[in-house]
Amino acid sequence: LFLLAVRGSEGLYMVNGPPSFTESTAFQRDSGKNCKAVAFSKDGSLFAWCNGEKVNVVNVTRAELLHSFDLPKTVCLEFSPKNNVLATWQAYATAKDGTAGVPNLQLHDLRTGKCLKSFMQKKMQNWCPCWADDESICARNVNNEVHFFENNNFNTIANKLHLQKVSDFVLSPGAQPSKVAVYVPGSKGAPSFVRLYQYPNFEGPQSALANKSFFKADKVTMLWNKKATAVLVIASTEVDKTGASYYGEQTLHYVAANGESAVVQLPKNGPIYDVSWSPNSAEFCAVYGFMPAKATVFNLKCDPVFDFGTGPRNAVYYSPHGHILVLAGFGNLRGQMEVWDVKNYKLISKPVASDSTYFAWCPDGEHIVTATCAPRLRVSNGYKIWHYTGSVLHSYKVPSGEEMWQVFWQPFLDGVFPEKAVKYQAVPSELPSAEPRPAQAYRPPALRNKPVTSSKLHEDEPPQNMKPHLGSSDKPLSKTALKNQRKHEAKKAAKQEAKADANQGPAQDKTPQNALQNAVPAMTTGDPEVDKKIKNLKKKLKAIEQLKEQAAAGKQLEKNQVEKIQKEAALLKELEDLELGV
């Protein structure tokens, strides 16, 4: 059984997950309206919250209070990965006489309840120290340096990573040895760069595992994959100098720990809304381009594997097991979701969660929560729990005048919930899943009894598999190979035509050339001039065909018309040469 924590003006409480959805007795509801900060531990066994008076820590599985810290102004909380340390942050304030304030970042030992160390941490952004999964190292950014501590000994700095101005860093997930990705913003015409290091090898110019430099970056987001083999870097500028986008300009870079790096080529211009690694660490999905946005899955060579076409979407979420992918359009979009089976790239369901401000997969990989929370939206606050097949299993709306601020699942470690086979049939539910029908577009009285013609501003592109077919090589064909391939296709088409003519018999005899032209689909050579010539030649040949039919019907032809017919063989030869690229 797993829990969903809910925080709002009705207090802080927990709800049992499917199938019961009742309020949990494992956690005593805190009815205060000042609950600002909450956090689960990584394994979900511990829960901490600040209610404006104290920071409390409970063991959820045993329903017992472990510690209570007298830190009423705490705004942020976080547990270390192995539950040894609780980090708390309060807003930094200088003393009345203008001298430095008191340390506002505290690290508490959860076994003894004692404060291990206090630091000054002025900014709320990146306030929390980062631990490796086994807590062997912990790192924090101090004055453009990264300071490393070992085995939770915060009195000694074990290592420093010093570059000219480290603005951000991310530790790799998973087992040792830990890697660290650092970002240094560009200045005075020099490019920004992201470098990957393996702890503790920071010395010397050759110590970096990989380096990727780029212009056009006011801020970056760095995403490690689960196996810590590569980082995706979304670089963005605040302003798009071309004026094409209100969101600034984004580029997506791939940096691997083996030293390889690349710019991910996105086939549509526009913002990059979201990027997510698959839990298998071998693929990632990007949502990008001016609306309607494209979504594409890429492999580690940054080649497209599957293209989902275009649609109203700006977010992507892989299930915890990576077997299901949800593309969604939240925020200023209407909440349409597409749920895809990743293995077969088949669409499972298309639920709609209107006005959602939050989406999260449940750790079981079967259920989803969507919520409408304040302050993003002050009305119709509440949450819904869905099965990925599109059924709404539970829905809660707060009473009028109340607000919901946050909902989130109790986390679990990988492997607790086994992966289940993908279902396509909607799971039964007692709640109606139908969304209210959207209001019909206004139609003037004169058009009301006439059939509706759909007038879309744009046509959505359909999904398509981008994997090369078996037997075909990944490399693009050379010119000679292309020419031979076209010749081969033309011969094949001619053979099929000859067979068809033989089957049709003399009664429906048509000239094979004409039949061939009808059978072979219009091929483009890639050169617009050549394509134009081919089009003109085909026009002339069609006119000759019509003249021949008229002559056969007994019509007397003019002299220039007879001359036209005589040129047919030369035109056919010219057409063949152009189509084969000779």
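Here are some numbered notes on this predicted model, to read alongside the structure.

1. **Ground rules.** Because this is a predicted model, local features need pLDDT of at least 70 and side-chain atom pairs count only at pLDDT 80 or more, while totals for chains, interfaces and linings use all residues. Residues are numbered from 1 along each chain as its sequence is written, and side-chain values use heavy atoms, with hydrogens and water left out.

2. **The chain as a whole.** You'll be looking at strands a lot here: the secondary structure comes to five helices and 36 strands. Both kinds of element are DSSP runs numbered from the N terminus (helices are H or I, at least four residues; strands are E, at least two). Of the 582 residues, 42% are buried, where buried means under 20% relative accessible area, exposed means over 50%, and partly exposed is in between (1.4 Å probe, protein chains only).

3. **Surface and contacts.** The accessible surface is about 32,800 Å², and 52% of that belongs to carbon and sulfur atoms. Such areas come from the Shrake-Rupley method with a 1.4 Å probe, and for residues only the protein chains shown count as cover. Among contacts in the chain with a separation of 6 or more, 43% are between residues 24 or more positions apart; a contact here means heavy atoms within 4.5 Å.

4. Two strands count as paired if DSSP finds at least two bridges between them. E13 (residues 145–150) and E14 have four bridges, and Phe-148 stands opposite Asn-159 in E14.

5. **Strand E8.** Is E8 (residues 85–90) enclosed or open? Six of its six residues are buried, so the strand is largely enclosed by the rest of the structure. One side carries Val-85, Ala-87 and Trp-89, the other Leu-86, Thr-88 and Gln-90, and both faces are covered. E8 pairs with E7 (residues 74–79) in the antiparallel sense over five bridges, with Cys-76 as the bridge partner of Trp-89. Five residues lie between the strands of that hairpin, and Asn-83 takes a positive phi near 65°. Five bridges also join E8 to E9 (residues 105–109), again antiparallel; there, Thr-88 has Gln-106 as its bridge partner.

6. **Strand E26.** E26 (residues 304–311) is mostly covered, with seven of its eight residues buried. Its pairing with E25 (residues 293–299) is antiparallel and uses five bridges, and Lys-294 stands opposite Thr-310. The E25–E26 hairpin has four residues between the strands, and Cys-302 in the turn has a positive phi of about 65°. E26 is also joined by two bridges to E36 (residues 464–465), running antiparallel, with Phe-306 and Asn-465 as bridge partners.

7. **Aromatic pairs.** The structure holds 22 aromatic pairs. Rings of Phe, Tyr and Trp (its six-membered ring) pair if their centres lie within 6.5 Å; planes under 30 degrees apart are stacked, over 60 edge-to-face, and the rest tilted. Phe-27 and Phe-47 are edge-to-face, at 5.4 Å centre to centre with 85° between the planes. Phe-27 lies in the loop between E2 (11–16) and E3 (37–40) and Phe-47 in E4 (residues 46–50), so this pair ties together parts 20 residues apart in sequence. Both Phe-27 and Phe-47 are buried. The rings of Phe-119 and Phe-149 have centres 5.9 Å apart and planes at 45°, so that pair is tilted. An aromatic cluster is made up of Phe-27, Phe-40, Phe-47, Trp-49 and Phe-408.

8. **Charges over rings.** The charged end of Arg-29 sits over the ring of Tyr-13, 4.0 Å from its centre. Arg-140 lies over the face of Phe-119, at 4.2 Å from the ring centre. The test is that NZ of Lys or CZ of Arg is within 6 Å of the ring centre and within 35 degrees of the ring normal.

9. **Thr-389.** Which loop holds Thr-389? That residue is in the loop between E33 (382–387) and E34 (392–397), and at 5% relative accessibility it counts as buried. The side chain of Thr-389 makes a polar contact with the side chain of His-387 (2.8 Å), and also reaches the backbone nitrogen of Val-427 at 3.1 Å. A polar contact is a pair of N or O atoms within 3.5 Å; within protein, one must be able to donate a hydrogen and the other to accept it, and residues adjacent in sequence count only if both atoms are side-chain atoms.
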